[in-house]
Amino acid sequence: MNTKGLHYYLTRIENDHVAMRSRRQTLDDVKALLDDNDVAIDRGLGVLHANGSLKLIETTDQGFVETIVQARWLN
């Protein structure tokens, strides 16, 4: 898939509070995030590009961290 023209955005929610609002990411940032969360990069990018978004949820001692990655085409 040609990803030229795609922009990636990341939102982070910690225990129902937005910790980071829609920050733009590079493709390399997204790949590193997938790798850090033990998600196969090809599979994670495939889901992200097919659905337009991907949600990663991590349970911590303090609750949970939800990371939402979105892929949007430039108009």
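A hairpin links strand S3 to strand S4 through two residues. The model is predicted. S3 covers residues 53-60 and runs antiparallel to S4, with eight bridges joining the two strands. One of the paired positions is Ser53, whose bridge partner in S4 is Gln70.

Thr60 also belongs to S3. Its relative accessible area is 26%. Buried would require under 20% and exposed over 50%. Thr60 therefore counts as partly exposed. The C-alpha atom of Thr60 is 9.8 Å from that of Asn15, although 45 residues separate the two along the chain.

**The other hairpin**

Asn15 sits in the turn of a hairpin formed by S1 and S2. Two residues lie between these strands. Asn15 has a positive phi of about 50 degrees. S1 spans residues 6-14. S2 spans residues 17-25, and it pairs with S1 in the antiparallel sense over six bridges. Within this pairing, Ile13 stands opposite Val18 of S2.

**S1 against S4**

Which strand pairs with S1 over nine bridges? Strand S4, residues 63-73, does so, in the antiparallel sense. Tyr8 has Ala71 of S4 as its bridge partner.

| Strand pair | Sense | Bridges |
|---|---|---|
| S1 and S2 | antiparallel | six bridges |

**Ile68 in S4**

Ile68 lies in strand S4. Set aside its neighbours within four places in sequence, and Ile68 is in contact with Tyr9, Leu10, Thr11, Ile13, Leu54 and Lys55. Tyr8 is 60 residues away from Ile68 along the chain, and the C-alpha atoms of the two are separated by 10 Å.

**Helix H2**

Helix H2 takes in residues 41-51, and Asp42 is part of it. Is Asp42 buried or exposed? Asp42 is exposed, with a relative accessible area of 69%. The C-alpha atoms of Asp42 and Lys31 are 8.9 Å apart, and 11 residues separate the pair along the chain.

**The chain overall**

The chain contains two helices and four strands. Their order along the sequence is β-β-α-α-β-β. The C-alpha trace spans about 40 × 25 × 20 Å along its principal axes. The radius of gyration is 12 Å. For 75 residues, a compact globule would have a value near 11 Å, so the chain agrees with that expectation.

How much of the chain counts as buried? The share is 31% of the 75 residues. The chain exposes about 5,300 Å², and carbon and sulfur atoms supply 44% of that area.

Take the contacts between residues at least 6 apart: 43% of them join residues at least 24 apart.

Charged side chains number 9 positive and 11 negative. The centres of these two sets lie 11 Å apart.

Technical notes: Residues numbered from 1 in each chain as written. Predicted model: local features only at pLDDT ≥ 70, side-chain atom pairs only at ≥ 80, totals over all residues. Heavy atoms only, no water. Rg over C-alpha atoms; globule rule 2.2 N^0.38 Å. Buried < 20%, exposed > 50% of the residue type's maximum accessible area, 1.4 Å probe, protein only. Contact = heavy atoms within 4.5 Å. Areas by Shrake-Rupley, 256 points an atom, 1.4 Å probe, with all protein chains shown as cover. Lys, Arg positive; Asp, Glu negative; His and termini not counted. Charge placed at Lys NZ, Arg CZ, Asp CG, Glu CD. Pairing = 2+ DSSP bridges.
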